[in-house]
Protein chains: 2
Amino acid sequence: LHAQENAQKVIAGDIRAAARLMRDLDDRMPGAIETLKLLYPHTGRAQILGITGSPGVGKSTLTDVLVGRLRAAGRKVGVVAVDPTSPFTGGAILGDRIRMQRHATDEGVFIRSLATRGQFGGLTASTRGVVAVMDAMGKDVILVETVGVGQDEVDIVSMADTTIIVTVPGLGDDIQALKAGILEAGDIFVVNKMDREDAQRTANQLQAMLAMEREGARAEGWAPPVLLTCARDGRGLDELLAAMDDHRTLLTADNNRLLLKRRKQRAFKELLDLIQNRTVTLLLERLGSHRDLEALAEEIASGQKDPYTVCDQIMAAAHLG
Amino acid sequence: LHAQENAQKVIAGDIRAAARLMRDLDDRMPGAIETLKLLYPHTGRAQILGITGSPGVGKSTLTDVLVGRLRAAGRKVGVVAVDPTSPFTGGAILGDRIRMQRHATDEGVFIRSLATRGQFGGLTASTRGVVAVMDAMGKDVILVETVGVGQDEVDIVSMADTTIIVTVPGLGDDIQALKAGILEAGDIFVVNKMDREDAQRTANQLQAMLAMEREGARAEGWAPPVLLTCARDGRGLDELLAAMDDHRTLLTADNNRLLLKRRKQRAFKELLDLIQNRTVTLLLERLGSHRDLEALAEEIASGQKDPYTVCDQIMAAAHLG
């Protein structure tokens, strides 16, 4: 009823209805999930791009420039800026405002910043919801920008059709970079700030690592390109956009064969996360309140009880297990 | 019985028994948790230090040098190197080997690398287990080293008594760094590679940001110092060790007042994670197999069903909710 009305508005591209739904999903308002369910049949059309890299490599500037280029090509764009660190500072809002200034008056761009909320579900679930809403709204391209290389980022990155990993000269020569392991997750690599000394050397090193690490790793027929860019003046952006198109062409060949494969993996993970979230919510409902947990945490901290025994007791009290 | 015997060996400092237990915990071997329960009453004595920062800032080298200094001062040291990115490359093992070479013959150092394992529980739970084992073994200091600034890192960092955040010159002047938000989590800040141009400027910027961001944020009476180091030649290490001691003194004042406060927060989070893990395991047992989930994921990927409806059906089938 109400859900149907809201869903129809979102599908028609109503920005206010979409923004309200995203907020309602975050706040776990009743009915929000019902609306989302109705949107799902209208999703799957958008191209989802992940952009990730360490802080300071210029991801936001690059995202900003990409938005400008995609808009100039007449494509409707959604941006999800994910900042998992903001439980501490709420920093996401700052980034949002700064970017909004440039694209604020452009109805074809929808920007949403996300930070971690609550104990459960978290960032990955929220990001999925926002992406689904933007997709149903009719965005052609959705850019998901994340900071860092933690597990959350790997999860979020795995939700993209095409993942762009951004680095800068001088970060590439440490053993840590070799270890970083996110190499496997990247479809396109970008060495931004190409003006800096050693940009070409960093690109060469990355290329060499990719050749080594991914030898035969993927039978998908894609050799991830390493591109040099300067987000501030736009150099290298044409090549990046071309690489994005090339990867899209690969994914959609043979009746979307590779695209569907990726999306199946994504759906499997989403399903597991949803089940996890739901069971825990159920358990906490059965338990009654958080307050008892805090008292138990105090006993654990002071060494009176161990957490495993306490967990056993809680499960028994909730008639689970 | 068997658990009791194992626990006694670990408490006596038996390295093989400890390593076996850590492996058994990772592999979810029956009995491993029973042993861990018996160890808990013997934990709480070790000083737990978190070391985090972006890839390439020299965390591993710094950890390595800190281990040397702490050993020289006669302290027993445990190192947990957490690399959340290795689902892709198994990179943790590489780092482990390289570090092991130097401290391999020193019985007073125990090094363990962790990568993400499995769908549930994951890195944070594994890290907690390893830290508890090292603590029960009688390690005086446990260094937990993590890559990056994602949610996992924030979780892991929140498990330390004292958190050291490492950066390098030239990463600090971007808006991303301001956004990074991990500022709130740091007790001590280190600008490593102090030879590089602009090291002092980076330190000053950090100091200014800290003054701004944390104005009145903590009533704990601690102004986080920003220190310059060069891990490769050991400069600044004396100051870092002194800051670590100062922070320890603060935490343990008034009968461990602040230390217990932090540990209570940690115990609360651990309890929630354990409950979450347990309920999901229970649900999956009731469901029977993963295979059905994969078939359902395929239906979601192809757009036939939405994940929320599928989740409803699964919960009903498992007689939950």
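Trainee: Which residues does Lys139(A) touch, not counting residues up to four places away in sequence?

Mentor: This is a predicted model, in which local features need pLDDT of at least 70 and side-chain atom pairs count only at pLDDT 80 or more, while totals for chains, interfaces and linings use all residues, and side-chain values use heavy atoms, with hydrogens and water left out. Residues are numbered from 1 along each chain as its sequence is written, whereas chains are lettered from A and ligands numbered from 1 in the order in which they are written. With contact meaning heavy atoms within 4.5 Å, Lys139(A) touches Arg45(A), Ala46(A), Lys76(A), Val77(A), Gly78(A), Glu107(A), Gly108(A), Val109(A), Phe110(A) and Met134(A).

Trainee: Is Lys139(A) buried or exposed?

Mentor: Lys139(A) sits in the loop between α6 (122-137) and β4 (141-147) of chain A, where helices (H or I, at least four residues) and strands (E, at least two) are DSSP runs numbered from the N terminus. Buried means under 20% relative accessible area, exposed over 50%, and partly exposed in between, with a 1.4 Å probe and protein chains only. Because its relative accessible area is 5%, Lys139(A) is buried.

Trainee: What is the mean pLDDT of chain A?

Mentor: The pLDDT is the predictor's confidence in each residue, from 0 to 100. In chain A, 79% of the residues reach 70 or more, and the mean is 81.

Trainee: Why is strand β3 of chain B largely enclosed by the rest of the structure?

Mentor: In a regular strand the side chains alternate between the two faces of the sheet. In β3(B), Val109(B), Ile111(B) and Ser113(B) on one side and Phe110(B), Arg112(B) and Leu114(B) on the other are all buried. The strand, residues 109-114, is therefore largely enclosed, its buried residues numbering six of the six.

Trainee: Which residue caps the N-terminal end of α2(B)?

Mentor: Helix α2 (residues 15-26) of chain B has twelve residues and reaches 17 Å from its first C-alpha to its last, close to the expected 16 Å, a span taken as 1.5 Å times one less than the number of residues. At its N-terminal end, the backbone nitrogen of Arg16(B) lies 3.0 Å from a side-chain oxygen of the capping residue, Asp14(B).

Trainee: Which residues of α2(B) are buried?

Mentor: An α-helix has 3.6 residues a turn, so residues three or four places apart point the same way. The buried residues in α2(B) are Ala17(B), Ala18(B), Leu21(B), Met22(B), Leu25(B) and Asp26(B).

Trainee: What is the phi of Asn255(A)?

Mentor: Most residues other than glycine have a negative phi, and most peptide bonds are trans. Asn255(A) lies in helix α10 (residues 237-287) of chain A and is exposed, with a relative accessible area of 72%. Its phi is positive, near 60 degrees.

Key:
Polar contact = N/O pair within 3.5 Å; in protein donor to acceptor, adjacent residues only side chain to side chain.
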